[in-house]
Amino acid sequence: MTAQVPATEPSSPGPELAKANHPNVAIIQGLIGSLMMLAGSLGVGWLSLASYDLRRNPVIMWLRFEPEGAVLSVFLLALGGMLLVRSWLRLGQRITSWGPESRPVVLKATIAWAAPMCVALPLFSRDVFAYIAQGLVMVSGLDPYKDGYSQISNYVQIGADDLWAQSPTPYGPIFLWLEELVVRATGGQPEYSILLFRVISLIGVALCVYYVPKLAELHNINPNRALWLTTANPLFLTTFIASIHNDALMIGLALAGLYLAATKHAIPGILLITLSVGIKPITLILLPFVGLMWAGKGASWPRKFLYWFMTAGISLGLLWILGIINGLGFGWVSALSTPGSVWIWYAPVGFLGMLVATLGNALGLPGWTFGDIVHTLGRVASVLIVFWQMFVGEYSRLVRRLALAFAAVVMLAPMIQSWYVVWLIPLFAVTGIRNDWQVKTLYLLVSFFMVYAISDQLDIWPYFDFSLSAARQIAAVIALGFALYLIFLDPKTKVLFRKKLTEPSPGELRVR
């Protein structure tokens, strides 16, 4: 597959200057930030009621059950998380040569920053406890596409969020098997289950580390800069490792499948992407574009439709076989609306729907009827954009077209989670993020979602004066203050957000 060469890459003065800028300074600062997040997680990270041994640990008891310890934990988590953002930005500045010598530096940063998160208590999300509860549903022989984990006795002790207790699982058959395997291996014990789910996430991270540079090289994009934008990214690391989202494995398998398909190994690529769909069905979006890769450059429309049909047949056939094996069929199809039935204020379509609903209610009209129409229109628009990208565009831009289609699905939804944004980062990084408003947009998105995550989900002991509301306010003030400092005051980083970045010369765009 021949790909485009967008004007994306910064200049490369040489390895001597790169070494002179001491990238290890940024790596050490990021490690300190990650260690601070680890320490903060002991006090305000999510801890199951069934984790009896950890709850009796003297250090954890003080951090979780004394107001002073909880305040300290919030401070460490917020400051550490934003220090990690700064370290990532500074690492990109310190690596002034993106030649082969920069690859070990980026990998060192990724490992150093990820290591403390591997042993932290879950941060910013309780989904891993839902995974345990859903694994218990599978072990019990219930249908997770019909029976929520509220059917499991003492599910509250596990730590899963009550909000989704009666909802069907939105995950595919592969992840259901992984949930069942983990629970059978650990007996549902929370600490060991969390560690195993983290290992699964790390497999996905490793796939991203391996395939992001390969996909970037296919597009004549500097692979080392793409790796820095993706896997050393603090939002990527916290979402996939600290929060333990199954999206890590989903995206890792999808990138592997895309690379195989783009290098003339279409059937193995389709199989890997189908495994990704078996984690979370959202990656079905990739299949039409893989079908176009398989059809080849210059394919006629009859040939394109034939290969779309064959791609769908292989993928759906495999999913059908998996459904027969687990006895659940295509139950995941009916469960797809579970996470999409809500909205959030910072999603453009979600905000517009809220605004329309508020105005409607003020006029005595059924406001949320109109708000739901806005949400539906957003989804319809995203589907139209997906079809447009399928049918219109150059063959050499297939992965970029896929990224734009995926972005439409994410950005035009009424609910946008931080991990939805992380789905997009590798796809745009490997096809080129220009060193202008595009990379500045990424910096702002990473900063925003880190601030939001830090101030959103904190596990605060409800029986002392330091309330959850107060904890969130403190976290928000620290994180937002740090972000504003990075954007407007920090003499090193403010230029990344405000200064007009120079365009590289054409000779600097290609892979080195």
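Helices (H or I, at least four residues) and strands (E, at least two) are DSSP runs, numbered from the N terminus. By that definition, the protein chain has 24 helices and zero strands. The radius of gyration, taken over C-alpha atoms, is compared here with a globule rule of 2.2 Å times the number of residues to the power 0.38. The chain's value is 23 Å, close to the 24 Å that the rule gives for 512 residues, so the chain is as compact as a globular protein of that length.

The structure is a predicted model, in which local features need pLDDT of at least 70 and side-chain atom pairs count only at pLDDT 80 or more, while totals for chains, interfaces and linings use all residues. Residues are numbered from 1 along each chain as its sequence is written, and side-chain values use heavy atoms, with hydrogens and water left out.

Along the principal axes, the C-alpha atoms fill a box of roughly 65 × 60 × 55 Å. A residue is called buried under 20% relative accessible area, exposed over 50%, and partly exposed in between (1.4 Å probe, protein chains only). Buried residues account for 57% of the 512 residues. Contact means heavy atoms within 4.5 Å; among contacts between residues at least 6 apart in sequence, 75% join residues at least 24 apart.

Helix H10 (residues 190-218) contains Ser201. This serine counts as buried, at 2% relative accessibility. Apart from its neighbours within four places in sequence, Ser201 is in contact with Phe240, Ile244, His245 and Ala248.

The cysteines raise a separate point. A disulfide is a covalent bond between the sulfur atoms of two cysteines, and it is identified here as a pair of cysteine sulfur atoms within 2.5 Å. A search of the whole structure finds zero disulfides. Cys208 itself is buried, with a relative accessible area of 0%.

Phe124 has a phi near 70°, a positive value in a residue other than glycine, and lies in the loop between helix H6 (102-118) and helix H7 (127-139). Lys264 also is not a glycine, and has a positive phi of about 70°; its place is the loop between helix H13 (247-262) and helix H14 (266-277). Phe124 is buried, with a relative accessible area of 8%, whereas Lys264 is exposed, at 60%.
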